[in-house]
Amino acid sequence: MKKYLLTAVALLICVCMNAQKIAVFPVEDYSAPAREGFMEGESVNLIIFDARSLPQKSKIECSPEEVIESLSSIIMKAYPSANINVLPSSQYYKNAADSLITIRIAINAYQAGFSNALNGTVGSIGGALSFGLSTDGKWHGVTGYNVIIDDKRGGEPKRYTDSMSAEEAHSNTMGFTTAKKCLTASFMQATDKMLVFIDSSLLQ
């Protein structure tokens with residue numbers, strides 16, 4: 001009886017996976033080390049744009065706005081000494097303002113799925129991201145950003161651009177619990193890379 005029950009559960013998981021091959025979960029509580037004193041008193045415009053293309057039949061547990069809000073909060077806490085003004089996504093393609101710093105972040109990836117399902121869901125703003133996706137039946141959590149920093153605080157304007165990404169893969173042992181674990185790990189890794197890029201670009 002126990003054997004049949006386990007088989008039924010496994011079949012149910014497979015049906016769910018086929019119906020919802022892409023999953024997005026709320027950003028887990030994550031706080032990067034605070035850069036106390038860095039960019040102290042500087043005015044910074046922060047604009048985050050969601051460039052993902054997610055299919056309708058996905059397990060979506062948070063909206064693009066919620067992902068943007070969570071990422072904005074992480075950045076503001078990482079740079080507590082700066083005066084960060086979060087602008088709406090509609091400002092992403094407008095010219096950077098004079099006399100301050102503008103940081104634009106395109107979220108090209110923040111989703112979990114099997115490799116064949118992830119293809120075509122990753123945004124390409126700033127260039128296509130490359131993930132080492134395998135076809136071995138594992139969940140893959142992927143997060144990727146393209147970052148543009150315009151520094152117009154005085155003198156010659158400076159622009160810094162880079163893309164960063166991270167991937168975490170685990171065997172599908174716990175269904176969506178495994179998917180969430182992969183996505184959280186990739187988010188933390190990619191976000192750390194992004195903050196290091198901001199540090200290195202603006203550190204004087």
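Visitor: What share of the 204 residues in the protein chain is buried?

Guide: Keep in mind that this is a predicted model. Buried residues make up 45% of the 204 residues in the protein chain.

Visitor: Which elements make up the chain, from the N terminus on?

Guide: The order is α-β-β-β-α-β-β-α-β-β-α. That comes to four helices and seven strands. Now look at contacts with a separation of 6 or more: residues 24 or more positions apart account for 78% of them.

Visitor: How do I read the core? Which residues touch the most other members?

Guide: Start with the general idea. In soluble globular proteins, nonpolar side chains tend to be buried together. Here, the largest nonpolar core has 45 residues. Ile-75, Tyr-79, Ile-105, Tyr-145 and Met-194 touch the most other members. Elements giving two or more residues include strand 1 (22-24), helix 2 (64-78) and strand 7 (158-171). Strand 2 (43-50), strand 5 (101-113), strand 6 (138-151) and helix 4 (176-202) are also on that list.

Visitor: Which element gives the most to this core?

Guide: Helix 4, with 11 residues.

Visitor: Take Tyr-79. What is it in contact with, leaving aside neighbours within four places in sequence?

Guide: Tyr-79 is in contact with Arg-35, Phe-38, Met-39, Ile-84, Leu-195, Ile-198 and Asp-199. Pick out Phe-38 from that list. Its ring and that of Tyr-79 form an aromatic pair, 5.7 Å centre to centre. The planes are 50 degrees apart, and the pair is tilted. Phe-38 lies in the loop between strand 1 and strand 2, and Tyr-79 in the loop between helix 2 and strand 4, so the pair ties together parts 41 residues apart in sequence. Both Phe-38 and Tyr-79 are buried.

Visitor: How many aromatic pairs does a search of the whole structure find?

Guide: Seven. Tyr-92 is buried, at 3% relative accessible area, while Tyr-93 is exposed, at 61%. Ring pairs can also chain up: they link Tyr-30, Tyr-110 and Phe-187 into a cluster.

Visitor: On to the strands. Why is strand 2 largely enclosed by the rest of the structure?

Guide: First, the general idea. In a regular strand the side chains alternate between the two faces of the sheet. For strand 2, count the buried residues. Six of the eight are buried, so the strand is largely enclosed by the rest of the structure.

Visitor: In what sense, parallel or antiparallel, do strand 2 and strand 5 pair?

Guide: They pair in the parallel sense, over seven bridges. Ile-48 stands opposite Ile-105 in strand 5. That residue, Ile-105, is among the core members that touch the most others. Strand 2 also runs parallel to strand 4 (residues 83-87), joined by five bridges. There, Ser-43 has Asn-83 as its bridge partner.

Visitor: How many salt bridges does a search of the whole structure find?

Guide: Nine. The general idea is simple. Side chains of opposite charge can pair when their charged atoms come close. Take Arg-104 and Asp-150, whose side chains meet at 2.6 Å, N to O. Arg-104 is in strand 5 and Asp-150 in strand 6, 46 residues apart.

Visitor: Are those two residues buried or exposed?

Guide: Arg-104 is buried, with a relative accessible area of 7%. Asp-150 is buried too, at 6%. Contrast the salt bridge between Asp-98 and Lys-152, at 3.9 Å, N to O. Asp-98 lies in the loop between strand 4 and strand 5 and Lys-152 in the loop between strand 6 and strand 7, so this pair ties together parts 54 residues apart in sequence. Asp-98 is exposed, at 59% relative accessible area. Lys-152 is partly exposed, at 25%.

Visitor: What does Lys-59 meet in a salt bridge?

Guide: Glu-61, at 3.1 Å, N to O. Lys-59 is partly exposed, at 22% relative accessibility. Glu-61 is partly exposed as well, at 41%. Lys-59 has a ring beside it too: it lies over the face of Phe-176, at 5.0 Å from the ring centre.

How values were computed. Residues numbered from 1 in each chain as written. Predicted model: local features only at pLDDT ≥ 70, side-chain atom pairs only at ≥ 80, totals over all residues. Heavy atoms only, no water. Core = buried A, V, L, I, M, F, W, Y, C linked by side-chain atoms within 4.5 Å. Buried < 20%, exposed > 50% of the residue type's maximum accessible area, 1.4 Å probe, protein only. Contact = heavy atoms within 4.5 Å. Pairing = 2+ DSSP bridges. Salt bridge = Lys/Arg side-chain N within 4 Å of Asp/Glu carboxyl O. Phe/Tyr/Trp six-rings, centres within 6.5 Å; stacked < 30°, edge-to-face > 60°. Lys NZ or Arg CZ within 6 Å of the ring centre and 35° of its normal.
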